[in-house]
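Here are my notes for your first look at this model. Keep the structure open while you read.

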Amino acid sequence: MESFLSRYRNPLILLAVVLAQMLGLAVQVRRPTTGPGGRQDGHQTRLVRLWVATLFSPFERVFLFSGHGVSHVWENYLDLRHVRDQNQQLQAELNRIRLEEASLAEEARQDLRLQKLLAFQQQYVSKTVAAHVIGTSGTDLSRILLIDKGAHDGLQPDMPVITPDGIVGKVRDVFPHTAQILEINDPTSGLGVILTQTRLRGILRGNTAGQTEIIDVLPDERIQSGEQVVTSGGDQVYPRGLPVGTVERVVNDPERNPYVAIRIRPSVNLSRLDEVLVITQVTDTVPTAMQQDVATSEQKAADILAQRLPSIPPAAIGPDGKPTDSNAPPSPVRPPSALHPDRFTPGATPAATSLTPDAPYPKQTFPPSPQSTSARTAHENGAAAMSPSPDKHAPAAKHAPTPTEPQN
Amino acid sequence: MAFIPGTSRREMEEHRFHPLVFIVAPLLAIFLQVYLPLRFPGIAVLNLPLLIVIYFAVSRRSPIAGTLIGLIIGMIQDAMTHLPLGINGIIDCVIGYMAASIGVRIDVDNPGTRLIMNFLFILLGSVLHVLILSRLLGTHEAWSWMHELIRATVNALIGVILFALLDRLRRRE
């Protein structure tokens with residue numbers, strides 16, 4: 001026996017080590033700890049990952065920030081050379097975007113009202129934590145990123161991770177000062193998505209080649225390349241409406257016949273990420289900051305429109321009702337008031353709601369206008385002075401319509 | 001490939017390194033493996049830690065040492081991923097053991113031998129990876145011969161350069 005052990009010592013040690021690891025694999029796969037968003041590591045496994053992350057993350061931080069420092073110095077110099085032109089361009093673009101935003105604000109408000117009426121639960125991103133990507137898993141078989149924010153910054157497992165361009169993934173393991181991000185192109189990831197035009201829903205996941213695709217979709221001729229894909233919110237992890245990518249093409253899925261897979265081009269360049277945002281809080285109401293942005297954009301939009309549109313500035317009016325400035329533009333021409341108010345005079349026609357079908361038309365009374373009263377007085381005075389006999393004017397006066405005389 | 005007769009074991013003295021080399025070189029390889037893909041995404045096709053395992057295994061010419069080096073480096077690699085611990089550990093153990101066993105029998109200082117050895121071990125590592133994932137963990141793994149051959153070729157070429165650099169860290173007797 002002793003000779004056997006000494007003779008086969010090396011292969012026996014290899015066998016023991018491999019068997020021990022296989023046993024460990026079986027334990028990890030057999031007894032996963034289920035967390036709030038799915039499968040989590042056990043305590044011992046998590047401890048090993050924590051030690052390794054703690055060992056390497058300081059060096060990754062140093063390399064990252066020293067590299068950033070050198071590149072920032074150079075980039076700042078280059079930026080300063082064109083900052084004025086760029087500032088003007090950005091200002092113009094900002095004005096244009098504010099105009100667009102203001103035009104969309106009313107639609108957004110109407111949408112909110114409708115959502116309230118339908119008791120629809122919409123989630124809004126209200127708080128995010130910015131983080132630097134400091135490392136990867138080192139293999140293309142595991143699409144993992146390491147970021148420099150962890151539990152001390154309020155991060156928790158299954159929090160969505162985004163950039164301004166779209167979805168990146170979700171937080172997986174959280175350590176005190178670092179955290180692992182599982183990218184959406186990993187085979188073990190999955191998120192609910194919806195195609196914006198065809199309104200098809202599906203589950204997006206990665207494949208072994210690092211591509212993202214929507215699986216288990218029935219063939220549909222309406223699916224065209226270039227269609228936008230956004231999160232559906234059905235997975236309870238990612239808020240609804242965040243951009244995911246665009247449809248690249250539809251491919252056959254031999255393992256899931258007759259279903260097809262829709263290959264998606266992510267809106268985020270997942271292989272070149274420097275900074276990400278971890279969504280740490282979502283709310284059911286529109287965040288205050290967003291409301292202020294909309295209000296500000298509306299005011300700014302009004303100012304921009306006032307500057308751009310041709311208009312007449314208000315003239316200073318003197319006490320006599322005439323403009324004090326001779327160069328001031330004339331006040332708008334208004335029609336003179338009627339000499340004899342009749343049924344065509346504005347405001348003289350009764351409201352339609354006050355009328356009754358088949359009822360006689362109500363008698364109307366027209367208030368004498370100031371001009372007609374003064375004209376009549378002058379006419380009567382003049383007639384009295386020129387003609388001693390008032391009877392000559394009696395028929396003429398009789399033909400004139402009196403205010404109380406019915407018109408029809 | 002130059003085979004060494006079994007009687008000339010005296011000529012096959014194990015290469016000696018400063019103890020710090022055994023610590024710093026693997027850690028540096030792992031660090032570069034996880035950091036460089038941020039700047040150069042294509043570098044993820046390399047497997048620098050496995051190349052380090054092969055180098056130290058053939059240098060030490062001890063199967064037990066090769067197994068233990070593979071175990072430690074493989075477990076660290078696993079800890080950087082989200083996959084269960086032990087996948088790379090098993091692969092690196094087996095390859096470390098085989099590399100040390102081969103190092104006893106053939107001249108591994110020849111660049112041509114190193115190129116072929118690295119190519120075959122990297123290819124073996126890919127096969128073991130697929131077998132572990134599909135047979136032990138029950139997950140589906142796609143296999144592309146072209147991709148794996150390219151990966152093995154690139155790693156073999158980089159390995160020859162890496163081994164030449166590490167040779168400079170040997171202790172002179």
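1. Terms first. Two strands pair if DSSP finds at least two bridges between them. Helices (H or I, at least four residues) and strands (E, at least two) are DSSP runs, numbered from the N terminus. With that in hand, look at strand 11 (residues 228–231) and strand 12 (residues 243–252) of chain A: they run antiparallel and are joined by three bridges. A:Gln228 has A:Thr246 in strand 12 of chain A as its bridge partner.

2. Ground rules. This is a predicted model, where local features need pLDDT of at least 70, side-chain atom pairs count only at pLDDT 80 or more, and totals for chains, interfaces and linings use all residues. Residues are numbered from 1 along each chain as its sequence is written, while chains are lettered from A and ligands numbered from 1 in the order in which they are written.

3. Confidence. pLDDT is the predictor's confidence in each residue, from 0 to 100. Chain A has a mean pLDDT of 76, with 70% of its residues at 70 or more. Over residues 382–408 of chain A, pLDDT stays under 50. The model has twelve contacts beyond four places in sequence for that stretch. Where pLDDT is low, the predicted coordinates should not be read in detail.

4. Chain A overall. Chain A holds seven helices and 14 strands. A residue is buried if 20 or more other C-beta atoms lie within 10 Å of its own, exposed if 12 or fewer, and partly exposed in between; C-beta atoms are placed from the backbone. By that count, 21% of the 408 residues of chain A are buried. Two residues are in contact if their C-beta atoms, placed from the backbone, lie within 7 Å. Of the contacts in chain A with a separation of 6 or more, 58% link residues 24 or more positions apart.

5. One barrel. Six strands of chain A close into a barrel in the order 3-4-7-6-5-14, with antiparallel pairing. From one strand to the next, the twist averages 45°. Axes are lines fitted to C-alpha atoms, for helices over the stretch in contact, and angles run from 0 to 180 degrees between N-to-C directions. Strand 5 and strand 6 (residues 166–174) of chain A pair over four bridges in the antiparallel sense. There, A:Ile162 stands opposite A:Ile167 in strand 6 of chain A. Helix 3 of chain A packs on this sheet and touches strand 3 (124–136), strand 4 and strand 6 of chain A. The direction of the helix makes about 80° with that of strand 3 of chain A.

6. Another barrel. In chain A, six strands also close into a barrel in the order 8-9-10-13-12-11, and the pairing is antiparallel. Neighbouring strands of this sheet are turned by 45° against each other on average, direction ignored.

7. Is A:Leu273 buried or exposed? A:Leu273 counts as buried, because 20 C-beta neighbours lie inside 10 Å. The loop between strand 13 (260–266) and strand 14 (275–283) of chain A holds A:Leu273. Leaving out residues up to four places away in sequence, A:Leu273 touches A:Val133, A:Leu145 and A:Val168. A:Asp158 sits in the loop between strand 4 (144–147) and strand 5 (160–163) of chain A. A:Asp158 is not a glycine, yet its phi is positive, about 75°. A:Arg199, also not a glycine, has a positive phi near 60°. A:Arg199 counts as exposed because it has 9 C-beta neighbours inside 10 Å.

8. Where the chains meet. 33 residues of chain B are in contact with 34 residues of chain A. Helix 3 of chain B gives the largest share of the side of chain B that touches chain A, eight residues. That side has 25 nonpolar, seven polar and one charged residues. (Ala, Val, Leu, Ile, Met, Phe, Trp, Tyr, Cys and Pro count as nonpolar, Asp, Glu, Lys and Arg as charged, and the others, Gly among them, as polar.)

9. Helix against helix. Helix 3 (residues 43–81) of chain A packs with helix 3 of chain B at an angle of about 95°, their axes 9 Å apart. The two helices are therefore roughly perpendicular (angles under 35 degrees count as roughly parallel, over 145 as roughly antiparallel, 65 to 115 as roughly perpendicular and the rest as oblique). A:Val48, A:Arg49 and A:Val52 meet B:Ile76, B:Ala79 and B:Met80 there.
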